[in-house]
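I opened the notebook to look up a few features of one protein chain.

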Amino acid sequence: MLTKIFFFLLFVLVFVSLQDLANGAINGSTKKMIEKANKNGPYLGLVIPNMFEMNPLLSNPNYKSTKLVIDYAGRRFRFGKIYKKPVILVMSGMGMVNAAVATELLLTLFEIEGVLHYGIAGNANPNLNIGDVTIAEYWSHSAMWNWQRHGDGPENPLPFEGENGFTREIGYLKFGTYSTKGEDNLLNNVWYQKEEVYPVDGTPEQTQQAFWIPVDSNYFSLSKSLEKLDLEDCINATTCLTNKPKVTTVHRGTSANIYLDNAAYRNFLYNKFNISPVEMESAGWLSFVINKKALSDLAGGGTATSNEADTFSGLSAQNSVIVMVEFVKLLAGYNRKLLSSFW
C-alpha cells in the first residue's frame, strides 16, 4: 500500500491531551470505538479549519456519513465515504498550532493513508481571481522572522547567524520602503527564516532546515487533471463573479498566524516569493500532502473601501469542496487509467 504521509513541518506543542494519548490514557469505550473504526481503514484524513468550510462538504451529495462519530481531546472525528473512499473529517480550528494538534491526533489515533486540507484563502497573485481554486506545489511558513535592530542593514550579520542558525539567504522586508515620509523606520527589517525539520528517517535530535516544503509529488501531478473542472460563479441570481473561476496549480503558497488584509504586504509576498494563496493553517500540518485553497478575495482588497471576502467567501468554500471531492474521486479509483499513470 502506498503511504502518502510525510512529516515535514513540526510545530508540535506537548499538550496534556497528546501526553495522555502517548500514555494510553483513552477511556475504555472510546478506545474500543477507535479500534473498531481502524478495522475499516485505512482512511483519507480531511482536516478542515472551521464549520463554515466543513458544512459544504457535509451537505455534498457525494459525501455519505456512516453515522460514526468519535469525540476525543476536544475534537470530533466524523466518519464517512466519498465515492466509496473511507474518509475521516476533523475540524482543526484557526491557526497553525490548532492545525498541528488536530493532525497529530488524527495520525496517532487512526489508520491514515493520506491527508487533504481544503478551504478558503486570500490571494496575493494579481493574475488569479476570486473563486479560483489553487493547488500549490510548495508551501512555507512566512512569519518566522529574525527582527533586525535599528541601525543594522543587509550587510550586517544577524545574531546567531551561521550553520543551522539564522540566515540572510531567503530575504527580508524593509519597513522603511513602505513609509510615506522616507525610508528610515524604527521597525527596520525582518529577515525570513527556515523551519527546523526533524526527518522521520533521520538521526534523533539532528535537524534539517527548510523554507519551501514540497507537497506530495504524486498527489500534485494528479491534481493537474482537475484544471478543467467546472466551478460555481454566482451566489444568487443577481450576484456573480466577473471572471469564471478555475482550478489551477501554482508554484507557491504560504501560511502565517496573520489574517492578511493589506495590499502592500500582499504585493511584497507575490513579487518577492511568487506566492499565490495566503492563509493561516497549512504550514502547521504535520502530514503535508496536498492543499486545495479557493481564493475568497484579493488580500488587501481591490479597492481601499471593499472587502470581497464578505461577499464571496461562501462561494469560494463551495468551490474548494467541489475540487476536493473530485480529487478523492480520482483516489477512489473511478478513473483508474488516469490514476495508474501517476504511480
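**Ground rules**

I am working with a predicted model, in which local features need pLDDT of at least 70 and side-chain atom pairs count only at pLDDT 80 or more, while totals for chains, interfaces and linings use all residues. Residues are numbered from 1 along each chain as its sequence is written, and side-chain values use heavy atoms, with hydrogens and water left out.

**Aromatic rings**

I looked up the aromatic pairs and found 15 in the structure. Rings of Phe, Tyr and Trp (its six-membered ring) pair if their centres lie within 6.5 Å; planes under 30 degrees apart are stacked, over 60 edge-to-face, and the rest tilted.

I picked Trp212 and Phe273. Their ring centres are 6.1 Å apart and the planes stand at 65°, so I noted the pair as edge-to-face. Trp212 is in the loop between strand S11 (208-210) and strand S12 (213-214), and Phe273 is in helix H6 (residues 263-273); the pair links distant parts of the chain, 61 residues apart. Helices (H or I, at least four residues) and strands (E, at least two) are DSSP runs, numbered from the N terminus.

Are Trp212 and Phe273 buried or exposed? Both are buried. Buried means under 20% relative accessible area, exposed over 50%, and partly exposed in between (1.4 Å probe, protein chains only).

I also noted that Trp212 and Phe273 belong to one aromatic cluster, whose members include Trp145, Trp147 and Tyr265.

Which charged end sits over the ring of Trp212? That of Arg252 does, 4.1 Å from the ring centre. The test asks for NZ of Lys or CZ of Arg within 6 Å of the ring centre and within 35 degrees of the ring normal.

**Strand S14**

Strand S13 (residues 247-255) and S14 pair in the parallel sense over three bridges. Strands pair if DSSP finds at least two bridges between them.

S14 has an antiparallel pairing too, with strand S5 (residues 112-123), over two bridges. There, Gly122 has Val278 of S14 as its bridge partner. Strand S14 (residues 275-279) is mostly covered, with five of its five residues buried.

**A three-strand sheet**

I next looked up an open sheet of three strands, with antiparallel pairing in the order S7-S9-S8. Strand S7 (145-147) and strand S8 (172-174) are at the edges with a single partner strand each, so one side of each has no neighbour in the sheet. S8 and strand S9 (residues 189-192) run antiparallel and are joined by three bridges. In this pairing Lys174 stands opposite Asn189 in S9.

Most residues other than glycine have a negative phi, and most peptide bonds are trans. I looked for exceptions.

Phe160 is not a glycine, yet has a positive phi of about 60°. Phe160 lies in the loop between S7 and S8, and counts as exposed because its relative accessibility is 73%.

Asn188 also has a positive phi, near 60°. Asn188 lies in the loop between S8 and S9 and is buried, with a relative accessible area of 9%.

Where is the peptide bond from Gly41 to Pro42 placed, and is it cis or trans? The bond is cis, with omega near 5°, and Pro42 lies in the loop between helix H2 (28-38) and strand S1 (43-48).
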